[in-house]
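Here are some notes to read alongside the coordinates.

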Amino acid sequence: MLQRTFLALSRAGWAQDLITQMPVSRQMARRFVSGETIGAAIAAARALNAKGLLATLDFLGESVTNEAEARRAADEYLRALDEIAAGGVRANVSLKLTQFGLDLDYDFCLQNVRRVATHARSCGNFVRVDMEGTLHTDRTLALVRALHSECGNIGAVIQAYLYRSEADLLALADAGIRIRLCKGAYQEPPDKAYPNKADVDANYIKLAQLLLDRSANAERSDDGRIPPLAALATHDEKMIAAAQAYAEAHHIPHDRFEFQMLYGVRRELQERLAAKGYAVRIYVPYGTHWYPYFMRRLAERPANVWFFVRSTFAK
Ligand SMILES: Cc1cc2nc3c(=O)[nH]c(=O)nc-3n(C[C@H](O)[C@H](O)[C@H](O)COP(=O)(O)OP(=O)(O)OC[C@H]3O[C@@H](n4cnc5c(N)ncnc54)[C@H](O)[C@@H]3O)c2cc1C
C-alpha cells in the first residue's frame, strides 16, 4: 500500500513541486544521488574505484516533453563519456529512453541514443539502457537490439517481476546482448507482473541462473567499463547468496558476471563483495531531476519512508 502510494507520487507533478521544495527531501535525496554535476559524479566514481568498486553514471532525467530537452540529455552523456575517458575512471553509463525522447518519437529517440552509443564505442565504453514501465518494454528492447547490431556496446535490463522476462532474457542472451537483471521498480498490474514479493524473488533466482549459464562462456573485457554478459543488480543477500552458490557449483568464474548496486544503498555489502574478489558496479546518479528516482528508492524500503515522514514532521 505504502509502496504503491510512493510509486504513484513519483509520477504526480503536484507532489514533485511540493516535495522537491522541502529541505528534508533534498537532504535525504543526497544519500542516493552523488550531486548535481558531472564533476560530482566523477568524484564519486573515483572514490568508488579507490575502494575496488566499478561505476555506471546516470544523468537523472525521464519523460522529457520536447526534442530539445532530449538532445540536451544526449549532449550531457557525450560529456560524461569524455570525462570518464579523460580521467581514466572505471565507469560506463546508464540512460533512460524516456529521457531520450521515446515518448515523442521512436526514430528520433533511436538517433539520439545512437549518438551516445557511437561516441561510447569510440571511447571503448558501454551504454546500459535502463528498463522503465511496461508501456516502454517492447520499444526499449527493439531499440537495444537495433543499436546492438550496429555498435555492439549497448546492453539491456530485465525485470524479474514481469511474467514475460524469461523469454526476453533468453532471446537477448542468444543475441549476445549484455543483460542487467533486477527485480523491477515500477508499479505494474497483476496481469503483467507478479504481485507477490516471494514470486518475484523466486523468479529472480531462476533468471539469474539462466543468465549465469549463458555468461559462462561469453567473452569479457577487464578494463572495468565493458561489463560481462551477466550483471546481477540487487541488494538482497538471499539473491546474492543464491547466485554465488550457483556460480560455484557450476564452476563459473568470478569474471563472468558482476553484481550491481545503487549508490548509497548497502555500502558495507558492496565493499564486502568486492573484498571477496567479485566485480561490483555501483549505479551513480547525478543531476537536478532527482525526484522520481528518489521516490522509487523510498518505495523500495518502508524504513526509508518512515524516516522521511518522521523527518518531515519533526520540529
Ligand atoms: C544497479 C541497479 C540498477 C537498476 N536498474 C533498474 C532498471 O533499469 N529498471 C528497474 O525497474 N529497476 C532497476 N533497479 C531497481 C530494482 O528493480 C529494485 O527496485 C531495487 O534494486 C530493490 O530491489 P532489491 O533487489 O535490492 O531487493 P529488495 O528485496 O527490494 O531489497 C533487499 C534489501 O536491500 C536493501 N534495499 C533495497 N532497496 C533499498 C533502498 N532503496 N534503500 C535502502 N535499502 C534498500 C534493504 O536492506 C532490503 O531489505 C536497479 C537496481 C540496481 C541495484
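Predicted model: local features only at pLDDT ≥ 70, side-chain atom pairs only at ≥ 80, totals over all residues.

1. Overall make-up. The protein chain holds 13 helices and eight strands. Its radius of gyration is 18 Å, close to the 20 Å that the globule rule gives for 315 residues, so the chain is as compact as a globular protein of that length. Along the principal axes, the C-alpha atoms occupy a box of roughly 55 × 40 × 40 Å.

2. Of the 315 residues in the protein chain, 44% are buried. When contacts between residues at least 6 apart in sequence are considered, 74% of them join residues at least 24 apart.

3. Strand E7. How many of the residues of E7 (residues 257-262) are buried? Six of its six are, and the strand is described as mostly covered. In a regular strand, side chains alternate between the two faces of the sheet. For E7, one side carries Phe257, Phe259 and Met261, while Glu258, Gln260 and Leu262 lie on the other. Both faces are covered, with all of these residues buried. Note that the buried set includes the charged residue Glu258.

4. First neighbour of E7. Strand E6 (residues 230-233) runs parallel to E7 and is joined to it by four bridges. Within this pairing, Ala233 is opposite Gln260 of E7.

5. Leu262 stands opposite Tyr283 in E8. The chain passes from E7 to E8 by way of helix H11 (residues 267-275), in a β-α-β crossover that is right-handed.

6. Ligand surroundings. Which residues are closest to the ligand? Among the 23 residues that surround it, the closest are Asp130, Cys182, Ala185, Thr234 and His235. Strand E4 (154-159), E7 and helix H12 (291-300) are the elements that each give two or more residues to this shell. E7 supplies the largest share, three residues.

7. The residues around the ligand divide into 10 nonpolar, six polar and seven charged.

Key. Residues numbered from 1 in each chain as written. Rg over C-alpha atoms; globule rule 2.2 N^0.38 Å. Buried ≥ 20, exposed ≤ 12 C-beta atoms within 10 Å, placed from the backbone. Contact = placed C-beta atoms within 7 Å. Pairing = 2+ DSSP bridges. Right-handed = clockwise from strand over helix to strand, strands pointing away. Near = placed C-beta within 6 Å.
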